[in-house]
Amino acid sequence: MIAQPTTDAPLLVGLLVDVSGSMTSAIQNTSGGSLNRLQSFQSALGDLASKAQRLASSDAGDRLHLFAYGFGFGNPLSIIFGKSGPSVRDLLQGAQAGSSTIGISELAVKWAHYKSHVEGQAFQMFGSTPMLEGFRVVTERFRTEQNARKPAGKILFVLSDGEPTDDPSGKVPVAAKELNDEGVLIVSCFVTDQDITSMRHLYGAPQHGWPAGAALMFNVASQLQQDSAFHTYLREHTWQVEPNARLFTQINQSQVLSEFLQMLVSPLQDKSSRVFVSYSHKDEHWLERLRVHLSPLVRSQNIDLWHDQRIKPGSKWKDEIDKALAEADAAVLLVSPDFLASEFIQQVEFPLLLERAQNRGARILPVIVAPCRYDLSPLSSFQAVNSPDTPLSAMTKPKAESVLVDLSRQFA
């Protein structure tokens with residue numbers, strides 16, 4: 001349903017937020033003080049923007065674009081002061097010139113501006129709960145955006161107490177299914193004062209005793225795909241996921257709301273760790289053994305293994321190496337006398353890897369493949385996979401293979 005987002009084919013996220021009177025109720029907040037439901041969502045959205053910006057910090061453009069609607073405008077006071085208007089409104093319209101669909105970096109950098117813009121609409125909020133109209137409005141918006149942007153994936157995050165005032169015939173789930181059938185993944189967040197679900201738990205079916213609002217919000221949610229970035233994110237954050245689970249949860253704590261909302265940017269997290277191999281061409285046979293041992297991890301996309309044999313004929317080889325070094329999450333160094341004698345490795349590759357380790361946390365994993373004065377090299381500050389006193393070339397073949405097996409476990 002969601003491909004890997006790029007700057008040319010970004011992830012498109014729509015927010016549909018209940019701004020009716022019920023959203024003024026308080027929500028638990030472990031950092032102290034009191035937040036109502038809308039304030040808590042606003043804080044969580046700021047956290048989302050910051051995380052997305054960190055994930056996309058090396059991109060030339062945005063891989064996630066976002067728009068937001070609120071449903072529940074039109075309280076009596078706003079009408080008295082002549083501020084009547086549609087009950088479903090674009091929350092970001094007018095915050096900047098042009099489109100109200102914005103890149104996530106724009107939202108993060110100008111968060112105070114957008115936050116102030118939405119807060120300026122607060123006195124017109126807290127009316128009824130036109131959820132069905134909200135679904136119809138965002139459906140048309142997704143169709144428009146689909147034609148304009150050709151996104152890699154489409155997600156709608158819905159936040160509500162599940163009590164629509166414009167749906168006596170029960171058409172909200174039908175509208176949600178129509179949207180889902182058009183390729184929009186719906187993430188549903190049910191807010192209420194009572195704890196009716198287990199924290200960090202995704203259910204495969206509505207539970208006995210749930211109120212109608214919870215059942216409705218469950219029914220509009222899409223099913224969680226087992227091989228998705230969402231599933232990986234939730235398991236990493238120790239959520240319990242039932243078979244056939246839907247992307248529905250109850251939120252009654254601000255920190256859980258923030259965690260659940262940040263799931264939306266998980267497709268921006270690259271699936272594979274980028275592993276750079278630095279070696280002397282005179283030690284090419286050790287590169288071949290390393291590739292053999294890491295091949296299962298390459299096939300499963302746990303790692304993206306880069307070495308200079310991947311440079312295509314006609315490419316600017318120095319640019320290709322610089323790019324791979326800049327993107328490396330880890331580096332395997334096949335250390336030998338020839339490796340230590342290589343000026344290119346010592347003057348170009350290693351300084352860039354050292355900078356990557358210091359500034360971005362890249363791991364440096366030296367493997368001593370032949371006897372050498374590793375202790376005199378700048379590398380000696382890094383713990384080698386095997387002792388410099390027992391290089392691979394001095395081991396029996398089974399023992400050397402075991403060292404490479406141990407190395408492979410560093411990545412999975």
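1. Cys189 has a relative accessibility of 0% and therefore counts as buried. This value, like the others in this note, comes from a predicted model. Cys372 is also buried, since its relative accessible area of 18% falls under the 20% cut-off for that class.

2. As to the overall architecture, the protein chain contains 14 helices and 15 strands, and 50% of its 412 residues count as buried. Among the contacts in the protein chain with a separation of 6 or more, 77% are accounted for by residues 24 or more positions apart.

3. The crossing in which helix 10 passes helix 14 is right-handed.

4. On the side of helix 10, this contact is made by Trp286, Arg289, Leu290, His293, Leu294 and Leu297, while helix 14 contributes Ala400, Glu401, Leu404, Val405, Leu407 and Ser408. Sorted by class, the contact of helix 10 with helix 14 comprises 8 nonpolar, 2 polar and 2 charged residues.

5. The second pair is formed by helix 5 (residues 131–149) and helix 6 (residues 172–181), whose axes come within 9 Å and cross at roughly 10°. Because angles under 35 degrees count as roughly parallel, helix 5 is roughly parallel to helix 6. Helix 5 makes the contact through Met131, Leu132, Phe135, Val138, Thr139, Phe142 and Arg143, and helix 6 through Val172, Ala175, Ala176, Glu178 and Leu179. The class breakdown for the contact of helix 5 with helix 6 is 9 nonpolar, 1 polar and 2 charged residues.

6. Finally, Ser377 may be inspected in the loop between strand 15 (363–368) and helix 14. With a relative accessibility of 9%, Ser377 counts as buried, because the class takes in values under 20%. The C-alpha atom of Ser377 is separated by 7.4 Å from that of Leu340, although the two residues are 37 residues apart along the chain.

Technical notes: Residues numbered from 1 in each chain as written. Predicted model: local features only at pLDDT ≥ 70, side-chain atom pairs only at ≥ 80, totals over all residues. Heavy atoms only, no water. Left-handed = near helix turned anticlockwise from the far one by under 90°. Helix = DSSP H or I, 4+ residues; strand = E, 2+ residues; numbered from the N terminus. Contact = heavy atoms within 4.5 Å. Nonpolar A, V, L, I, M, F, W, Y, C, P; charged D, E, K, R; others polar. Buried < 20%, exposed > 50% of the residue type's maximum accessible area, 1.4 Å probe, protein only. Axes fitted to C-alpha atoms, helices over the stretch in contact; angles between N-to-C directions. Parallel < 35°, antiparallel > 145°, perpendicular 65-115°, else oblique.
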